[in-house]
Structure formats: C-alpha cells, structure tokens
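Please examine the model shown below.

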Amino acid sequence: MSRFEQITDLEKRYLLQTYNRYPVALEKGKGVFVFDFEGNRYLDFVSGIGVNALGHAHPRIVKAIRDQAAKVIHLSNLYYNEYQGQLAERLCQLSGLDRAFFQNSGTEAIEGSIKLARLAGHRAGGDAKCRLVALEGSYHGRTFGALSLTGQEKHRKGFEPLLGDVTFVPQNDIAALRAAINGNTCAIVLEPIFGEGGILECSEEFLRECRALAAQHQAALIFDEIQCGLGRTGTMFAFQTFGVVPDILAIAKPIAAGLPLGAFLAREQFATAISPGQHGTTFGGGPLACRVGLEYLAIVEEEKLLENVARVGAYLTQQLQMLVDKYAATQGVRGRGFIQGLVLDIPARPLVEQGLTEGVLFNATQDTVLRFLPPFLLQEKHVDKGIRVLKKLLGKKRKKQQNVESAA
Ligand SMILES: Cc1ncc(COP(=O)(O)O)c(C=O)c1O
C-alpha cells in the first residue's frame with residue numbers, strides 16, 4: 001500500500017465524511033511550493049485557502065514558533081501574556097480601529113463581531129434593535145450565528161432554524177439595502193470582496209451607502225475581511241482599498257501564518273458595549289499565536305509584500321485577461337491583487353485535478369470559478385508557469401469572430 005493509500009484509507013474509516021478532498025496528500029512546503037509524499041513539487045496558488053500568505057516554512061516564522069514553543073505555548077486568558085496587547089496595538093495602528101479581541105478562527109471572529117453589535121444595538125435602542133442585514137451569496141462561516149449570515153442555500157440547508165433576525169439583500173443593490181435597514185437594525189455585515197461566493201467585489205458606491213445608513217441608524221458596519229484582508233488586495237486591509245471604514249472588522253486566515261488565530265477589531269463607540277464576562281475563549285490570543293501574528297505583520301512590512309501583491313497581482317490580472325481573450329471556456333476575470341477569480345463556462349474542479357498532474361495547485365469555488373489566493377511571495381515567473389498550465393488545460397481557442405466581439 002502506498003503512503004497515499006494508507007492516509008486516505010484511515011480517513012475513510014475514521015473521519016466524518018465532510019470533505020471532498022483532491023487526490024493528493026501533501027507532506028511539506030517551502031516558499032511558494034508544496035511537496036507530496038513521493039517528492040512531487042506543486043506551485044501553490046491556493047495557500048491553504050488564503051492562510052499561507054508567507055508561503056511555507058518561512059525562516060522567521062519557523063524561528064519564532066521554535067523559540068516561543070520552548071518558552072510557553074498556552075496560558076489561558078486568566079493571566080496576561082507578553083504578546084496579546086502588542087498584537088492588538090499593532091492591528092489598531094494599522095487599521096485605525098481602537099480595540100481587538102482574539103479568537104481561534106474566522107467563524108469565531110464573526111460570532112464575536114455580531115455579539116458585540118447586538119450588545120451595542122441593545123444599549124442604543126433596547127431589545128428590538130437586534131436585526132442584522134447581510135448579503136445574498138455571502139459566506140461567513142459554519143457556526144449557527146455565522147451560518148445565519150451566510151446567504152447561500154447550499155450551506156444553510158438542513159440546519160434550520162437559524163437566527164431569524166437576518167435580512168438578505170443582493171450585493172450592490174442600493175435600493176434593496178435602503179429598504180432592509182431601519183431603526184431595529186443593529187448591524188450590516190458584508191465581505192468587501194466575496195471569497196467563497198466567487199470573487200465578487202462590492203462597489204464603492206454600495207459600501208459608501210452601507211457606511212452612511214449604518215451611521216444614520218446607529219448600527220454597526222461589520223466588514224468580514226477574513227479572506228480578503230491582511231494584505232490580499234495590496235493594502236493591509238481591503239477597506240483601505242475601497243476607502244470605506246467599518247465599525248467592526250473580522251480578520252483571521254493569514255494572521256498567525258497557519259496557526260489558528262482570528263480577531264475582531266472595533267471602534268471605541270462599539271467596543272464599550274461589552275463588559276467583563278460577556279465573551280471569552282480558552283485558546284484565543286495565546287502567546288504563541290500572538291507572537292507569530294506580530295512576526296507576520298513585521299515580515300509583510302519589512303519584505304515589502306504589499307507592493308509585491310499589487311505588482312504581481314496586476315500582472316496576474318493581465319495574464320488571466322489574456323486567457324479570457326483567447327480561450328472559449330473562459331468568461332472573465334474578477335478581483336484584484338492576490339484574490340482573483342477566472343470565471344469559466346465549464347466546471348472548474350476537473351481543471352484543478354488536471355492541474356495537480358501538471359504540478360500546480362489551483363482552487364475552484366462556486367463550481368465554475370477558478371480562484372487564485374497565492375502566497376504574497378509569488379513572482380511573475382510563477383504566474384507564467386500557472387498560465388502555461390492553464391493554456392494547456394483550457395482546450396479550444398475562441399474563433400476569430402468571437403475574439404473581435406470580445407475586444408469590441
Ligand atoms: C469571508 C469568510 N468569512 C468567514 C470564514 C470562516 O473562517 P474559518 O474557516 O476560519 O472559520 C471564511 C472562511 O473561508 C471566509 O472566507
């Protein structure tokens with residue numbers, strides 16, 4: 001039995017069968033590459049769904065983990081640790097928000113955000129000020145609160161009843177947004193760029209309207225930047241790309257370079273709604289994860305990775321657009337920086353599987369979108385490799401006529 005068969009056999013017997021994994025078992029990684037147990041190398045355009053922004057085995061991250069693990073990994077929130085306040089300070093400096101709370105995952109960061117918004121809502125307008133507005137097609141996580149805000153039937157089905165106080169509006173539909181918000185709204189929750197939903201951007205106009213309506217109704221504007229934040233758009237936070245500042249910001253994925261850590265940040269006006277004992281966590285904000293979080297932010301700054309994301313991201317857009325111009329199975333390119341999608345006319349999963357045999361990890365979302373969430377270290381030559389593989393896999397070229405039409 002091969003190592004791959006041993007691994008998959010055990011999983012089939014002993015794990016809840018919730019994942020539809022790709023047929024590869026990965027052993028290790030280095031930079032923008034990962035390796036399977038046979039030693040085959042794969043160029044990584046997925047970074048563990050947006051987590052490994054620093055690639056794999058970054059020497060400074062390895063050193064910080066080694067060093068801190070030898071000192072102390074976990075203490076609980078009964079005691080102070082050296083790094084939680086430092087990481088909160090840095091995130092507040094970078095975002096302009098005032099306070100942070102650390103969780104263990106993106107979903108938990110959303111849970112904490114809506115709990116805080118509920119408290120602030122009740123304080124401002126009594127028990128009735130509890131309603132949430134979220135977007136159709138969004139994704140916020142799998143727990144009951146986060147799932148209640150997730151506007152996709154396929155994730156919600158089978159788990160009802162969920163929170164009943166959520167109104168969904170279509171992304172970028174300002175009239176529907178205005179109709180959904182009233183004095184009982186305590187929060188508007190949205191991803192500035194839908195990740196799981198297929199790399200769809202909110203328009204600046206829509207975001208500005210959300211900002212204005214939230215202020216008008218004393219509701220919290222919550223941005224879920226779990227996938228699009230912390231550098232992926234080429235600015236530290238996606239809201240800085242769009243120029244609209246939220247009241248509460250949920251982040252996670254890359255912050256501790258692969259260790260589980262999420263956080264929500266809040267403006268003082270909302271942060272003061274919570275009192276001791278109203279929220280907490282055993283693991284969240286531990287010294288190991290927070291120290292690595294500080295190292296993550298320092299590396300992004302010192303290695304000028306945001307500049308790299310902006311430059312190589314623009315190159316990726318240009319190269320993907322070139323595929324759209326040439327290949328019949330493609331429809332368009334969405335997103336920016338290192339959060340982009342190539343929209344196809346055909347199912348994306350078979351392409352991802354074929355990509356494996358060509359030594360590249362791609363990712364599919366919403367059936368027909370090939371999603372790119374590469375490590376921030378990715379260079380033009382890596383984009384070229386990915387594009388070469390896609391050219392091979394995409395098959396038929398457009399007829400000349402179609403070419404002319406798409407250019408018109
Ligand atoms: C936008 C967004 N929100 C929330 C989540 C949930 O985060 P986690 O899987 O860390 O709980 C995700 C995960 O993909 C996400 O992309």
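The paragraphs below take these topics in turn.

This is a predicted model, in which local features need pLDDT of at least 70 and side-chain atom pairs count only at pLDDT 80 or more, while totals for chains, interfaces and linings use all residues. Residues are numbered from 1 along each chain as its sequence is written.

The protein chain is divided into domain 1, comprising 3–57 + 304–407, and domain 2, comprising 72–302; such bounds come from an automatic or database domain assignment. Between the C-alpha centres of domain 1 and domain 2 the distance is 27 Å. Across the boundary, 24 residues of domain 1 are in contact with 24 residues of domain 2, contact being assigned if the C-beta atoms of two residues, placed from the backbone, lie within 7 Å. On the side of domain 1 that touches domain 2, at least two residues each are supplied by helix 2 (47–50), helix 13 (305–326), strand 13 (330–336), strand 14 (339–344) and strand 17 (369–372). Helices (H or I, at least four residues) and strands (E, at least two) are DSSP runs, numbered from the N terminus. Helix 13 gives the largest share of this side, five residues. By class, this side of domain 1 has eleven nonpolar, ten polar and three charged residues. In this classification Ala, Val, Leu, Ile, Met, Phe, Trp, Tyr, Cys and Pro count as nonpolar, Asp, Glu, Lys and Arg as charged, and the others, Gly among them, as polar.

Helix packing comes next. Two packed helices are described by the angle between their axes and the distance between the axes. The axes are lines fitted to C-alpha atoms, for helices over the stretch in contact, and angles run from 0 to 180 degrees between N-to-C directions. Helix 13 packs with helix 15 (residues 380–394) at an angle of about 15 degrees, their axes being 10 Å apart. Helix 13 passes helix 15 in a right-handed crossing; a crossing is right-handed if the near helix is turned clockwise from the far one by less than a right angle, and left-handed if anticlockwise. Val 312, Tyr 315, Leu 316, Gln 319 and Leu 323 of helix 13 make this contact with Glu 380, Val 383, Ile 387, Leu 390 and Leu 394 of helix 15. The contact of helix 13 with helix 15 has eight nonpolar, one polar and one charged residues.

Helix 12 (residues 287–302) packs with helix 3 (residues 59–71) at an angle of about 155 degrees, with axes 10 Å apart. Helix 3 and helix 12 are therefore roughly antiparallel, and their crossing is right-handed. Among the residues that meet are Ile 61 and Ile 65 in helix 3, and Leu 288 and Val 292 in helix 12. Eight nonpolar, one polar and three charged residues form the contact of helix 3 with helix 12. Helix 4 (residues 84–95) also packs with helix 12, at about 35 degrees and with axes 8 Å apart. Here the crossing is left-handed. Gln 84, Gln 86, Leu 87 and Arg 90 in helix 4 meet Cys 290, Gly 293, Leu 294 and Leu 297 in helix 12.

Around the ligand there are 15 residues, the closest being Ser 105, Gly 106, Thr 107, Gly 141 and Gln 227; a residue is near a molecule if its C-beta atom, placed from the backbone, lies within 6 Å of it. Helix 5 (residues 106–125) contributes the largest share of this shell, three residues. The shell has five nonpolar, seven polar and three charged residues.

Most residues other than glycine have a negative phi, and most peptide bonds are trans. A cis peptide bond, with omega of about 5 degrees, joins Glu 160 and Pro 161. Pro 161 lies in the loop between helix 7 (153–156) and strand 6 (166–169). Lys 253, not a glycine, has a positive phi of about 20 degrees.

Conventions
Angles under 35 degrees count as roughly parallel, over 145 as roughly antiparallel, 65 to 115 as roughly perpendicular and the rest as oblique.
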